[in-house]
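Look over the sequence and the model first, then read on.

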Amino acid sequence: MPKNLAVVILNWNGKNWLEKFLPGVVGFSRDADIYVIDNLSTDDSIEFVQTHFPIVNIVKNNQNYGFAGGYNEGLKEIKNEYYCLLNSDVEVTENWINPALDLFQKDPSISAVQPKILSFNNKKQFEFAGAAGGLIDNLGYPYCRGRVFDDLEEDNGQYDDETEIFWASGCCFFVRSKDFWEQNGFDERFFAHQEEIDLCWRLINSGKKIFYTGKSKVYHVGGGTLNKQSAQKTYLNIRNNLSMMLKNLPFPKLIGLIFFRLCLDGIAGIYFGLKNGFPHLWAVVRAHFGFYGQLPGTWKLRQKHQENKFYQSKWLIFRHFLGGK
């Protein structure tokens, strides 16, 4: 008989992370089933788990499907009512689970919940991937309470609330399994990066809510797969963000905004190239062609209904970089 919650860690050659953080997950998750989904690792991480943590269930994928496809494939084997999709480089804390489950039980319209995500390397500071809950601006740029682009706030209790947000971070992502599968899970074409934002947007378009709870906290190392300076991460973020907007924006906003974003991306590409080198400029070019290549399939995935009001801030990129806010 499965427990209500499955804590699910996706692994690919991550023995070092499992050695470091799996003991805490096991120790602080007694009321949950714990799974490791393995994306065909070539190290001995699965042997390590089987030897030292026999209580942990193993699901073996037959290839490396990436983050999005890896979870979709592995979760087919997991039948719990709720999932917590947890990065392998996350340190959990005591009572990190109950606040999320309490929100699910209080409000059936809540589909996904994110805890407070702090930096493992600077525990007073919010972490880049999620911070205190994800939001989005009117140009489709994701940001967080506690993090705007690369600027991070210190945690002084200012986000100890429980509130509705736009997207929950994939680094610690509580979700109702029923709602996850009604949306056909993550878009596997994304491979990695922003697939959780796309899923949350689809859930919102279907009438569901996404929530944050400051009563639960975890510490995230970040950059365990691709660091912030990776040209491949630049490519995936830009391509996936454009595809996400095409899928989820209301049609009246769609055409003008996509064109404007393509222009802004060109400017960003020059900036990235000057700051981080030619591979980042080329990553922007590749991202646009990747978006064009996916365009017919992306259009077919548009839902029948899109919410008209989707953003929480206006002109974030200009206010931040030009206005210093």
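## Salt bridges

A salt bridge here is a side-chain nitrogen of Lys or Arg within 4 Å of a carboxyl oxygen of Asp or Glu. Side chains of opposite charge can pair when their charged atoms come close. The model is predicted. By this rule the count comes to 15 salt bridges.

One of them joins E182 to K178, with the closest N and O atoms 2.8 Å apart. Both residues sit in helix α5 (residues 177-182), four residues apart, so about one helical turn separates them. E182 is partly exposed because its relative accessibility is 47%. K178 reaches 56% relative accessibility and therefore counts as exposed.

## A linked network

Some salt bridges join up. D187, R189, D198, R202 and K247 are linked in a network of them. Within that group, R189 pairs with D187, and their closest N and O atoms are 2.8 Å apart. R189 is partly exposed, at 25% relative accessibility. D187 has a relative accessibility of 7%, so D187 counts as buried.

D187 also forms a salt bridge with K247, at 3.0 Å from N to O. K247 lies in helix α7 (residues 231-248), while D187 is in the loop between α5 and α6 (195-205), so the pair ties together parts that are 60 residues apart in sequence. K247 and D187 are both buried.

## Two domains

How is the chain divided? The domain assignment gives domain 1 (5-220) and domain 2 (231-323). The contact takes 27 residues from domain 1 and 36 residues from domain 2. Taken over C-alpha atoms, the centres of domain 1 and domain 2 are 24 Å apart.

The size of an interface is often given as the accessible area lost when the parts come together. Domain 1 and domain 2 bury about 3,000 Å² between them. Carbon and sulfur atoms account for 57% of that area. In domain 1, the residues that lose the most area to domain 2 are N138, L139 and R189. Together they make up 25% of what that side buries. Two salt bridges are counted between domain 1 and domain 2.

## A buried arginine

Is R261 buried or exposed? R261 has 3% relative accessibility, which is under the 20% cut-off, so R261 counts as buried. R261 lies in helix α8.

Which residues does R261 touch, leaving aside those up to four places away in sequence? They are L139, G140, Y141, N241, L242 and M245.

## A nonpolar surface patch

The surface carries a nonpolar patch formed by F251, I255, F278, W282, V285, F289, Y292, L295 and W299. Together these residues have about 960 Å² of accessible area. The elements that give two or more residues to the patch are α8 (251-276) and α9 (278-300). Helix α9 supplies the largest share, seven residues.

W282 is one of the patch residues, and its place is in helix α9. Why does W282 count as partly exposed? Buried means under 20% relative accessible area and exposed means over 50%, with partly exposed in between. W282 has a relative accessible area of 45%, so W282 falls in the middle class.

Terms used:
Residues numbered from 1 in each chain as written. Predicted model: local features only at pLDDT ≥ 70, side-chain atom pairs only at ≥ 80, totals over all residues. Heavy atoms only, no water. Patch = residues over 30% accessible without salt bridge, like charges linked within 9 Å, V, L, I, M, F, W, Y side chains within 5 Å. Areas by Shrake-Rupley, 256 points an atom, 1.4 Å probe, with all protein chains shown as cover. Buried < 20%, exposed > 50% of the residue type's maximum accessible area, 1.4 Å probe, protein only. Domains from an automatic or database assignment. Contact = heavy atoms within 4.5 Å. Buried area = accessible area lost by both parts, 1.4 Å probe.
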